[in-house]
Amino acid sequence: MLFSLIVFCLGIDDAQMQAKAQKLAHSVIILDGHVDLPYRLIEEMEDVSVRTPKGDFDAVRAQEGGLNAPFMSIYVPAELEGNGAKAKAEELIQLVEGLCQKNPEKFAIAHSVDEVQAQFKQGLISFPMGMENGAPIEGDLKNVAYFHQRGIRYITLTHSKSNHICDSSYDENHQWKGLSPFGKQVVAEMNRVGIMVDVSHISDDSFFQVMELSAVPVIASHSSCRHFTPGFERNMSDEMIQLLAKKGGVIQINFGSSFIKADYQKAADGIWKEAGRIREEQGEDAAKAFMEKKMKETPLPRASVKDVADHIEHVIKLVGVDHVGLGSDFDGVGDSLPDGLRDVSQYPNLFLELMKRGYNETEIEKIASGNVLRVWRAVEAYAQKQAE
């Protein structure tokens with residue numbers, strides 16, 4: 001049985017409170033909306049069933065941090081739009097399947113909320129999958145159902161460039177002024193088959209059109225609050241968060257310092273722009289190498305676990321505790337992760353910070369997984385109804 005918040009606040013010293021946070025992290029399901037492990041392993045294979053010297057995720061550190069259900073990001077670079085996107089998605093899905101087949105005592109694909117909950121009870125780390133970038137749909141609506149069959153449970157409609165579905169928050173070329181005509185069909189088809197619509201990365205116009213069209217709540221799998229990073233369209237404005245919540249959705253806070261802290265974001269902006277140019281000219285790998293090199297050469301004002309908690313608290317004050325979750329972007333934001341949240345072993349540090357701010361166990365469990373599981377169930381239920 002979980003301890004009462006009252007106990008936490010009656011003069012307990014920091015060591016005792018930290019022990020409580022650690023226990024809570026291992027008592028509830030922790031669902032992270034976005035972990036870029038598959039692409040990391042495509043670039044450099046490691047055995048993540050044991051502790052690894054590199055990266056942000058492995059089974060040992062996940063168990064230490066209480067992580068139960070990291071959404072594996074099936075990330076397809078924008079440069080593959082119309083040029084092998086579906087094949088890349090297949091490669092990454094097969095990689096995740098292979099991890100589970102090789103390590104059945106540690107990992108299991110999760111296709112549903114019920115499977116996440118059952119695997120939690122079995123002591124397994126669930127690998128639900130979300131596809132980052134809708135490019136693999138490749139203009140064929142049948143591919144939405146196909147990817148559902150392959151285990152995809154959310155699709156981020158685009159990534160760093162406008163694609164055949166919608167415009168991107170990172171792309172000045174807003175060719176569709178939101179969703180394309182085909183993109184509107186994609187949203188409806190995702191609703192029909194039971195894939196969550198992910199509004200991270202998409203332009204503001206695209207977001208508002210999704211909110212008009214979707215028959216079920218949507219998620220932002222790894223976005224933070226624009227309130228703290230004015231002008232950074234990749235994050236969500238208060239107006240957007242309020243509409244997301246009104247429709248029952250959830251924003252899952254990205255841990256990357258550029259998403260969390262304005263001075264970091266501004267300092268990194270020039271690097272991001274140059275990386276974008278390199279990505280267009282030389283490809284994703286060259287852009288990533290440039291980013292890593294520049295971040296090492298130019299230390300930036302890293303965020304902290306307190307800053308991440310500020311974003312969570314901002315959402316709670318704005319729309320309530322039922323509409324915020326976790327979307328770390330582990331293995332996807334390089335060395336920009338905050339002090340206190342440097343890898344998947346450190347979720348208890350965030351729980352501790354939230355406890356210090358007066359949030360109780362029920363509220364923290366909602367943030368950890370309950371809110372997103374609610375949306376996922378609603379999407380499952382709607383799809384089931386359509387199939388009857």
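Apart from its neighbours within four places in sequence, Ile-152 is in contact (heavy atoms within 4.5 Å) with Ile-74, Ile-93, Met-129, Gly-130, Met-131, Phe-147 and Ile-195. Ile-152 lies in strand β6, which covers residues 152-156; helices here are DSSP runs of H or I with at least four residues, strands are runs of E with at least two, and both are numbered from the N terminus. With a relative accessible area of 0%, Ile-152 is buried, where buried means under 20% relative accessible area, exposed means over 50%, and partly exposed is in between, with a 1.4 Å probe and protein chains only. The C-alpha atoms of Ile-152 and Lys-306 are separated by 33 Å, the two residues being 154 residues apart along the chain.

This is a predicted model, in which local features need a pLDDT of at least 70 and side-chain atom pairs count only at pLDDT 80 or more, while totals for chains, interfaces and linings use all residues. Residues are numbered from 1 along each chain as its sequence is written, and side-chain values use heavy atoms, with hydrogens and water left out.

### The chain as a whole

The pLDDT, which is the predictor's confidence in each residue on a scale from 0 to 100, averages 94 over the chain, and 97% of the residues score at least 70. Over residues 1-10, however, the pLDDT is below 50, and this stretch has 20 contacts in the model beyond near neighbours in sequence.

The secondary structure of the chain comes to 16 helices and ten strands. For 388 residues, a compact globule would have a radius of gyration near 21 Å, and the 19 Å of the chain agrees with this; the radius is taken over C-alpha atoms, and the globule rule is 2.2 Å times the number of residues to the power 0.38. The C-alpha trace spans about 60 × 55 × 45 Å along its principal axes. Of the 388 residues, 59% count as buried, and among the contacts with a separation of 6 or more, 71% are made by residues 24 or more positions apart.

The accessible surface comes to about 15,200 Å², of which 50% belongs to carbon and sulfur atoms; such areas come from the Shrake-Rupley method with a 1.4 Å probe, and for residues only the protein chains shown count as cover. The chain has 41 positive and 57 negative charges, whose mean positions are 2 Å apart.

### Residues in loops and helices

The table sets out the relative accessibility of several residues.

| Residue | Relative accessibility | Class |
|---|---|---|
| Lys-86 | 24% | partly exposed |
| Asp-47 | 45% | partly exposed |
| Asn-133 | 2% | buried |
| His-201 | 4% | buried |
| Phe-255 | 0% | buried |

Lys-86 is found in helix α5, residues 85-102. Leaving aside neighbours within four places in sequence, Lys-86 is in contact with Pro-136, Glu-138, Asn-143, Tyr-146 and Phe-147. Lys-86 and Gly-134 are 48 residues apart in sequence and 9.3 Å apart in space, taken from C-alpha to C-alpha. Asp-47 lies in the loop between α3 (37-43) and α4 (59-65), and the C-alpha atoms of Asp-47 and Ala-89, which are 42 residues apart along the chain, are separated by 21 Å.

Most residues other than glycine have a negative phi. Asn-133, in the loop between β5 (129-132) and α7 (142-149), has a positive phi near 110° although it is a residue other than glycine. His-201, which is found in the loop between β7 (196-198) and α9 (204-213), is likewise not a glycine and has a positive phi of about 80°.

Phe-255 has its place in the loop between β9 (250-253) and α11 (257-260). Beyond neighbours within four places in sequence, Phe-255 is in contact with a list of residues including Ile-260, Val-308, Leu-326, Phe-330, Leu-337, Leu-341, Tyr-347 and Leu-350. The C-alpha atoms of Phe-255 and Val-305 are separated by 8.5 Å, and these two residues are 50 residues apart along the chain.

Technical notes
Lys, Arg positive; Asp, Glu negative; His and termini not counted. Charge placed at Lys NZ, Arg CZ, Asp CG, Glu CD.
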